[in-house]
Amino acid sequence: MSAPTEGDPWKRLRGLPMGQRIELTAADGRTWRGTIVPAHELSGDRVIQVKLESGYNVGVHVAPDDRLTVFDPPVPASEASGPAPAHPAPARAGVGTAPAVALLLTGGTIASRVDYRTGGVRPVEEESEILSFYPDLDRDGPVRVVPVLDRLSEDIAPEDWQLLARRIASAFEEGARGVVVAHGTDTLAYTAAALSFLLEELPGPVVLVGAQRSPDRPSSDGFTNLTAAVRVARTAAVGEVLVLMHAGLSDDRFAIHRGTRVRKMHTSRRDAFRTLNGRPVGEVVGDTVTFQAEMRAPSGRGVRLDDRLDGGAALLWFQPGLEPARAEAFVKGLRGIVLAGTGLGHVAAVHLPWIRQAISRGLVVIMTSQCLEGAVDPYVYATGRELLRAGVLYAGDMTPETAYVKLLWALARAPDPAGARALFLEDRAGEIATRREYPGAA
Amino acid sequence: MKAGLEIHQQLATGKLFCDCPTDLTDTVSGSVVRRLRATGGENHLVDRAAAFQAARELAFRYEAGPSSCLVELDEEPPHPLNAEALDLALIVALLLDARPLDEVVVMRKIVVDGSNTAGFQRTALVAVDGQLTVGGKRVSIASVCLEEDAARKVGEVDHEVRYRLDRLGIPLIEIVTGPEITSGAEAREVAAEIGALLRATQRVRRGIGTIREDLNVSIPGGARVELKGIQELRLLPRYAESEEARQRTLLAVRDQLVARGARVPDRRRVDVTALIPGAGGGALSEIVRRGGTVRALALFGFAGLLRSPEGETERLGRELADYARAAGVRGLFHSDEVPLGPLDAAFAARVRSELALGEADAFVLVGARDGAVAERALELVRERAAMALEGIPHETRDPLPDGRSRYSRPLPGRDRMYPETDVPPVPVRPAHLERLRAGLPERPEVARARIARQHRLPEPIVRQLQQAGDLEAFEALAARGRSATGIARLLTQDLPAAAAGEAGTIELPLETLDAVLAAVEAGRFAKEGIPPVLAQLLQGAHDLPEAVSRAGLASAGAPADLDTLAESVVARNEAMVRERGAEAFSPLMGDLMREVRGRRDGKEVAAALRRALDRHRAPTGPAT
């Protein structure tokens, strides 16, 4: 034990490592003894957090005349706050002869842990960490873990989709039977759509999976989601990009969505992901994987990847009061724009002039609907007919997000607007449906 | 005995981390099925209590309804800490002379028995280092915490446990005392005083299950054992004493085991499935018929020590069986029970030879349909048997209705706590504390002294009213002008007596109690009539007149009638009156009271009887 610190203890406290055992005595004799843990980022000024013997963390305000005693040796930082695996990392390959699944990590809740400093969750940075969270992952066969990114999904950009597509292609070329991509849920649907367009042919399933509860919680949906996703990747005879998440609020049913038709429809529920304008293509119940929809078979020729994307497009959500000049300024320098319009696909008539002009200058303008459910239709109302006449392209029942991703894809492949428009209207990965069934008619 | 208490009191505020009502309900609008698994916290060590529960691999069904929302379902992040509940916890802390923290940090305490959908209970330390004086003795208060109540267990079938979410998230104040309590009776006193203090805030929930006690007991050479969730104060002494006895018995068994040089083999488990007859072997035969396995474990030097010692009720065999059950088997058989249920001594001898046991050795049998389950059960038995050589294991136990307790899980450690990052820490500012301090409710001991003085009641009666939570009702009735002794008698004796036979807790409104006392004071019936009238009210009489009439007290007569009744009782017992003189009073008083049946005051009845006796004993009465 070292001698009590003289003077204001705050400065010395801030320099101490996490896990340091200390004792702080106030002028009135009140004493706190414990180890320093990271303070919450919303903690007050001059407040340190101390983990008491009981396990409780407490916030202690440090006064200039408090007496600080620092004990030695300090507890190794890893024991107090660092990432030491709870379980020994399981063997990484060679379990039986089951076909290998590649698990690509991109970050997100499913591969995150609580950051005790910021109070938020942060992506794991090491492969051993994810294996410590999911020790049973390779129970049914080898799972090869491939860290690709370590980002929350709001930080993922189109160039990350391209990188991911290349890594998926490599994984198949290296012998994977199926690929699972662990991804943050916020923009998972964008990534799924992008991979659907970039990976033109697949020898096996690519399953994107996420979690709405981080794996440091006993109730995390990550455990069951990931297990089910690995099962689909290992067994399904499908050559498509899929998304697997909880089908409901229970841990026993999982929905399989097509990568181009899925959208996150709730901020926090486990079953936030829904297939819009249709039903999920399949489900996992217990050990059984079934597909209700007709799926593209695995390609016999391996992966075909074309990772080109054009950055010159954007998505604009129309709202009453949106000034035409503001919208016009927004599209400046772009080659394409996706409008999320109202109802069947409308914007206020005052926007017609700039839209006409922009199209005549070569801008590709796509119309989708804020309703999300149902298809856009330009023929029903006058505004629609005007927009159609101006050259706006109606995107059927594509989600605004999928339309945006597809536009980046189409612009990268066409030398001119006419070529991009033609490519945009082709159904590439099940993103355009011509029928929408009444869900009650099973 | 060294004992400490943890008192958990539900608060009558909204829920702690969402805006749901706190009413318990039978309405279920839907349910979800979940699984939980133990996870590491800040330091990634899996708590052994948590890992233990996760190993049971149960599914949990949660029933949602009008008192729960997405937060209880773990489908929405918690809302900020309920400020009213925190204020109440701070008020209680101040009443206990505890010092509040500068910043309250909400923690997650891993609990994977399914009682919390998230797999952890949210809890926050609010204050430390308080004290309380009970019967002149100072008891330290280690901590005051604010935490969320768990979901309510409503059923269990096979591997699915059913919970209702209405109770999950109700705020609880947890008060932990130091280990200065030395007897069960004292534990009860301390718990009663803390209960009175909590009720003094007037914002705690009332009724069965709204206050629960955990009792920590250890004896010299024993270990801290936590008896979790005792719902009735009066049972505290019983549980304390039976735990003391259990530890004493097991320590004596330990001493004998050590003296014998007993030992537990690392690996000596034998599959004895083939030895079990297809029929006639009871549960074991049944297991084998269904394709299960039976395994045996040798315990060297344990013979005779698995059963209860002479004059004791506790035994080591039961402890081993509790551990086996934790692995999911129904129970076990051991060699001190020969014949082994339906299996005979010859069978036991075959097992002994299979395990190569000597006379001083014992064995344990466990059967399960799944060999892995049997194996895990025997491993737990082996661990528990090894602990028997050391002493008493630290553990959490469930209190049973018979006053004993059953092993529930290992005592959780500090590894199960990590910060709840979804809830920002709450600063406790000095100015806010000063405001709370200025408006503190009257302390229980101050209230007792004041009421005793004001209403000239003996302090023990006031204490009784306070501990039963009736002081508020007492003061309200006194304010309406009812007599203090009458109210005290009604609340401490008549009402509990009348309610004793009723199912559930029916509460009579204050107005009704007031009307009953007013009727007695007006002479409409005697105070002896109160219990039957209350009973009628509790059984559904619509109003007081109906209750009085159903109790047969409607025709409370004039004084003359009482004299006539007394006269007839004396006349019927003419011979006894002649023989015993004044001593006939007592038996005749009993007869007369039965006839009066509470319609008249006892004093009036006695006076009438005395008059009648005097008339009969007069040597020469005037002829009538």
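**View 1. Helices H10(A) and H11(A) sit at an oblique angle to each other.** In this predicted model, we're looking at helix H10 (residues 400-413) of chain A and helix H11 (residues 417-425) of chain A, whose axes come within 8 Å and cross at roughly 135 degrees. Angles over 145 degrees would count as roughly antiparallel and 65 to 115 as roughly perpendicular, so the pair ends up as oblique. As for handedness, H10(A) passes H11(A) in a right-handed crossing.

**View 2. Here are the residues where H10(A) meets H11(A).** From H10(A), look for A:Lys406, A:Leu407, A:Ala410, A:Leu411 and A:Arg413. H11(A) brings A:Ala420, A:Leu423 and A:Phe424 to the contact. Sorted by class, that makes six nonpolar and two charged residues, with no polar ones.

**View 3. An open sheet of eight strands runs through this part of chain A.** Follow the strands in the order E9-E6-E10-E12-E13-E14-E17-E18, and you'll find that the pairing is mixed. At the edges are strand E9 (143-147) and strand E18 (288-291) of chain A, each pairing on one side only. Going from one strand to the next, the twist averages 25 degrees.

**View 4. Zooming into the sheet, strands E10 and E12 of chain A run parallel.** Strand E10 covers residues 178-182 and strand E12 covers residues 206-209, and four bridges join them. To pick out a bridge, find A:Val181: its partner in E12(A) is A:Leu208. Helix H5(A) packs on the sheet too, touching E12 and strand E13 (241-246) of chain A. The direction of H5(A) makes about 155 degrees with that of E13(A).

**View 5. Domain 2 of chain A touches domain 3 of chain A.** Ten residues of domain 2 and eleven residues of domain 3 make up the contact. Which helix gives the largest share of the domain 2 side? That's helix H5 (residues 188-198) of chain A, with five residues. By class, the domain 2 side has seven nonpolar, two polar and one charged residues.

**View 6. Over in chain B, the domain assignment gives four domains.** They are domain 1 (2-256), domain 2 (263-388), domain 3 (444-550) and domain 4 (559-617). The C-alpha centres of domain 2 of chain B and domain 4 of chain B lie 71 Å apart.

How values were computed:
Residues are numbered from 1 along each chain as its sequence is written. Chains are lettered from A and ligands numbered from 1 in the order in which they are written. This is a predicted model: local features need pLDDT of at least 70, side-chain atom pairs count only at pLDDT 80 or more; totals for chains, interfaces and linings use all residues. Domain bounds come from an automatic or database domain assignment. Axes are lines fitted to C-alpha atoms, for helices over the stretch in contact, and angles run from 0 to 180 degrees between N-to-C directions. Helices (H or I, at least four residues) and strands (E, at least two) are DSSP runs, numbered from the N terminus. Angles under 35 degrees count as roughly parallel, over 145 as roughly antiparallel, 65 to 115 as roughly perpendicular and the rest as oblique. A crossing is left-handed if the near helix is turned anticlockwise from the far one by less than a right angle, and right-handed if clockwise. Two residues are in contact if their C-beta atoms, placed from the backbone, lie within 7 Å. Ala, Val, Leu, Ile, Met, Phe, Trp, Tyr, Cys and Pro count as nonpolar, Asp, Glu, Lys and Arg as charged, and the others, Gly among them, as polar. Two strands pair if DSSP finds at least two bridges between them.
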